[in-house]
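The sequence and structure come before the details.

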Amino acid sequence: MASSNLQKIQGDFKNKDIVSLSQLDDKSVLKLFEKVSLVRELGEKGLPSDLLAGKIVVLLFYEPSSRTRSSFDAATKQLGGQTIVVENPQQFSSVSKGETFEDTIRVFEAYCDAIVLRHPELGSAERAAKTAKFVPIINAGDGAGEHPTQALLDLYTIWDRKKNLSNLKGVMAGDILNGRTVHSLLEGLSFFPGNEVFLLAPEELKLSKSDFEKVKARVKLHEISSIDQIPKDCDFWYWTRVQKERFKSEELYKRVNNRYIVTKEILNKYAGKVTILMHPLPRVGEILEEVDSDPRAVYLSSQIRSGMYVRMALLAMILGKL
Amino acid sequence: MASSNLQKIQGDFKNKDIVSLSQLDDKSVLKLFEKVSLVRELGEKGLPSDLLAGKIVVLLFYEPSSRTRSSFDAATKQLGGQTIVVENPQQFSSVSKGETFEDTIRVFEAYCDAIVLRHPELGSAERAAKTAKFVPIINAGDGAGEHPTQALLDLYTIWDRKKNLSNLKGVMAGDILNGRTVHSLLEGLSFFPGNEVFLLAPEELKLSKSDFEKVKARVKLHEISSIDQIPKDCDFWYWTRVQKERFKSEELYKRVNNRYIVTKEILNKYAGKVTILMHPLPRVGEILEEVDSDPRAVYLSSQIRSGMYVRMALLAMILGKL
Amino acid sequence: MASSNLQKIQGDFKNKDIVSLSQLDDKSVLKLFEKVSLVRELGEKGLPSDLLAGKIVVLLFYEPSSRTRSSFDAATKQLGGQTIVVENPQQFSSVSKGETFEDTIRVFEAYCDAIVLRHPELGSAERAAKTAKFVPIINAGDGAGEHPTQALLDLYTIWDRKKNLSNLKGVMAGDILNGRTVHSLLEGLSFFPGNEVFLLAPEELKLSKSDFEKVKARVKLHEISSIDQIPKDCDFWYWTRVQKERFKSEELYKRVNNRYIVTKEILNKYAGKVTILMHPLPRVGEILEEVDSDPRAVYLSSQIRSGMYVRMALLAMILGKL
């Protein structure tokens, strides 16, 4: 979890690093989301925007992530900005010659107005933010650490449908123990009062005791172990993949993987009429394709586009243009 | 060959997927070529165009092809558009985590106005076209399948010089059995009446019987086996490389490779004054460098630029701007 | 060193290939630097420029160099131009199928207004310049050959602080025998009268006799072997890394590496108040981080940005826009 040294946003995103969701609060989140809706509206009307005209964003990805990179790439270009993509600098170039991470950050900041950083090591984004003198750093995932724009797009997807982030009832399913997106979404919901979440996980993948204690002060938590325990009136279902790469034992992975599969039948039986079904993607079987065309399924439509719109608004606000 | 389910263009390219040459006909081809000449004229005058301003094209390449990718990249940017390049998503990212091809397409279409797809598997472009809900798919080569913009640029190169695509006489040389570009060009010529083609190939690389039968109804075909059988008054020579990767036996490859080599002497002896010499590139010895400076040799000049202009016009028409 | 067949710039950069520093002279360098200051001034005021609007630059990198590529990428985009990045074409694509370097150059020049080439082989840039018919080639490093924009950015960094390139006194330290940047900077300084350089190197890494003889006619050279021999009133210190990859023997590398390390104490003791401390980067220990915040240390600030500004001005002048 993020260090307390990080700058708080407090409603003003200009020139701020975005390292951790913990920099935000209810007010900052809602301010951002109003701007997201604004850029989205322009986007949906097909109105080209030049909010980022003349701006250059370096996308510095120490591990490739086509999706996150493309989303930031598109976000920048949708607003008339330009990107410089640097993938795997550790394999080539100066980094492989022994250059420090700090020197690399200092070099790239000389070429641009902001750096979007993806790095496999926890804490890298904070190190980068401390190092960069002239441009803001946006964390696009630092290992087991944070991926704040992912959390924000999940929150936005809910907010957009429910017009609210308080007094919601939802379920989160899958690997609740390790799932970074689950932890972040819980943290985001904790900014707002009255939320209640049902955590659906196999025994082996339940939320850790310490995380449970931390969250339950602000979000009402219920641990459940089968789909039929989900209350019918949930506002959202947040389904996740069990990530094979997190398991040392193939056998354990097989035991817990795809314990909970959303089918058409299950959705119709246990979800409400206005429940939305979310997934951070990629999915590998935990939601069947037959569900995709259900209007409640947003994971292949508005949730993805929300990611781009959230990043558009965030970049424009950080670069002082919105 | 393409399925009959594909949308026919019938002169209207707007929002259409371009999966196969078979979607086109004489009318569509000529309509496209008029637009190609238009964008080319602007380009040659150095007039910047903003036909694609505000548009984003994802170049989704499951196998790298610097040339095709760069040609689409340049085509988009020449018209003021932007690209997002995604290469080898199967090695990194969500695809490697088990995501289906369909989910990947759905994700990327959320970020853009069109997807240019290169994929090693036959039929991928059609699958992508069926999957994408919001944006058109342009096939940039799907394995042994099609590469329609390559065929169109070859046709355009001829049309540009001959001002006509009917009643032409040409020769195609090399691997006539397997050559994708040869098959496509034959199909394109079959849209127009009165064409006659001499197929110059070693016995092992002659057109298959079934393909021969299919084409000969519309294009007059002659099989020849040595350069001195080429009639002097051909409108075009279409030379191709024998692709080593298609042969299981090194020995067979050696026997058929470079059977027909164009030298200055051969060109002067067997080609006419206005014959054009084409090659889809890369060449690996089948046309000597001494031929490059001959004004009839177009493979390193107008044929390449035609590729960019054809893709410019096509993108602009599909995106409703031309 | 560059062949005498290369075009001389003689103050006019328009449509010229930039293969070697030897194409320039004092007049050309100063003309360029005036333009560099111009684009820098606009850049620092945050005024977007469209000097390269509608122009496309292919960045053709046969070996990856994130830094140099990004610098050219940023330079082009800062001026409103577009780039097409092609990395490692020899691993994929037509090059791997046996296409000649010359054919590859001919293909890519069809898509763009200029090619920036990085290649591991000495002489590649000159070959490319001879081959390209329509667009200028800019050498971004050809193996043991040249990297003229690196030399120009080093010269500009000095010129910018000293407002002069004559009658300067400096020290160059590290691998003076092999260091490409050292050789180029010496050549650049030799265009101007009255310069004096102290070469600080271990015995094994001293300037070769032939290079020493060639340079000393125009630049006064002194070979020294310890930091305390540096005169206090140097205008610049140019520190370099000993490149491990140049040594066959690990043992020799260990003996010569980091013989000379700049610490805060050393800088304060041996450098003057207005001495600037430069380094081409990456550094791997030969300047301690404690030195970074010293106002005389320019390697992580103005020297990097100078690289981008030099490339901006150069591209704009070559493409006839400045």
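## Chain A against chain B

In this predicted model, 24 residues of chain A touch 22 residues of chain B, contact meaning heavy atoms within 4.5 Å. About 2,100 Å² is buried between chain A and chain B, with 55% of that on carbon and sulfur atoms. Buried area here is the accessible area (1.4 Å probe) that two parts lose on being put together, summed over both.

Between chain A and chain B there are 2 salt bridges, a salt bridge being a side-chain nitrogen of Lys or Arg within 4 Å of a carboxyl oxygen of Asp or Glu. Arg67(A) and Glu99(B) are joined in this way, with an N to O distance of 2.6 Å. Across the interface of chain A and chain B, 5 residue pairs are in polar contact, both residues at pLDDT 80 or more. A polar contact is a pair of N or O atoms within 3.5 Å; within protein, one must be able to donate a hydrogen and the other to accept it, and residues adjacent in sequence count only if both atoms are side-chain atoms. On the side of chain A that touches chain B, helix H2 (66-78) and helix H11 (302-318) of chain A each supply at least two residues. H2(A) gives the most to that side, with 9 residues. Helices (H or I, at least four residues) and strands (E, at least two) are DSSP runs, numbered from the N terminus.

## Numbering and criteria

Residues are numbered from 1 along each chain as its sequence is written, while chains are lettered from A and ligands numbered from 1 in the order in which they are written. Local features need pLDDT of at least 70, side-chain atom pairs count only at pLDDT 80 or more, and totals for chains, interfaces and linings use all residues; side-chain values use heavy atoms, with hydrogens and water left out.

## Chain C against chain A

Chain C contributes 23 residues and chain A contributes 21 residues to their contact. The two bury about 2,200 Å² between them, 56% of it on carbon and sulfur atoms.

The count of salt bridges between chain C and chain A is 2. Arg283(C) pairs with Asp103(A) in a salt bridge whose closest N and O atoms are 2.6 Å apart. The interface of chain C and chain A also has 5 residue pairs in polar contact. H2 and helix H11 (302-318) of chain C each supply at least two residues of the side that touches chain A, and H2(C) gives the most to this side, with 9 residues.

## Symmetry

Chain A is superposed on chain B by a rotation of 120° with 0.0 Å of shift along the axis, at an RMSD of 0.0 Å. Superposition is by least squares on the C-alpha atoms of residues with pLDDT of at least 70 in both copies. This is the relation of a three-fold axis. The C-alpha of chain A nearest the axis belongs to Gln82(A), 5.2 Å from it. The copies use different surfaces, as 4% of the contact residues of chain A recur in chain B.

A rotation of 120° with 0.0 Å of shift along its axis likewise brings chain C onto chain A (RMSD 0.0 Å). In chain C, Gln82(C) comes closest to the rotation axis, its C-alpha lying at 5.2 Å. Here too the copies use different surfaces: 4% of the contact residues of chain C recur in chain A.

## A parallel sheet in chain C

In chain C, 4 strands make an open sheet with parallel pairing, in the order E2-E1-E3-E4. Two strands pair if DSSP finds at least two bridges between them. Strand E2 (82-87) and strand E4 (137-142) are the edges, each pairing on one side only.

Helix H5 (residues 124-131) of chain C lies across E3 and E4, running at about 160° to E4(C). Axes are lines fitted to C-alpha atoms, for helices over the stretch in contact, and angles run from 0 to 180 degrees between N-to-C directions.

Arg69(C) and Glu87(C) form a salt bridge, with closest N and O atoms 3.4 Å apart. Arg69(C) lies in helix H2 (residues 66-78) and Glu87(C) in strand E2 of chain C, so the pair ties together parts that are 18 residues apart in sequence.

Leu281(B) and Pro282(B) are joined by a cis peptide bond with omega of about -5°. Pro282(B) sits in the loop between strand E9 (276-278) and helix H11 (302-318) of chain B. In chain C, the peptide bond from Leu281(C) to Pro282(C) is cis, with omega near -5°.

Leu281(A) is not a glycine, yet has a positive phi of about 65°. Leu281(A) is placed in the loop between strand E9 (276-278) and H11 of chain A.
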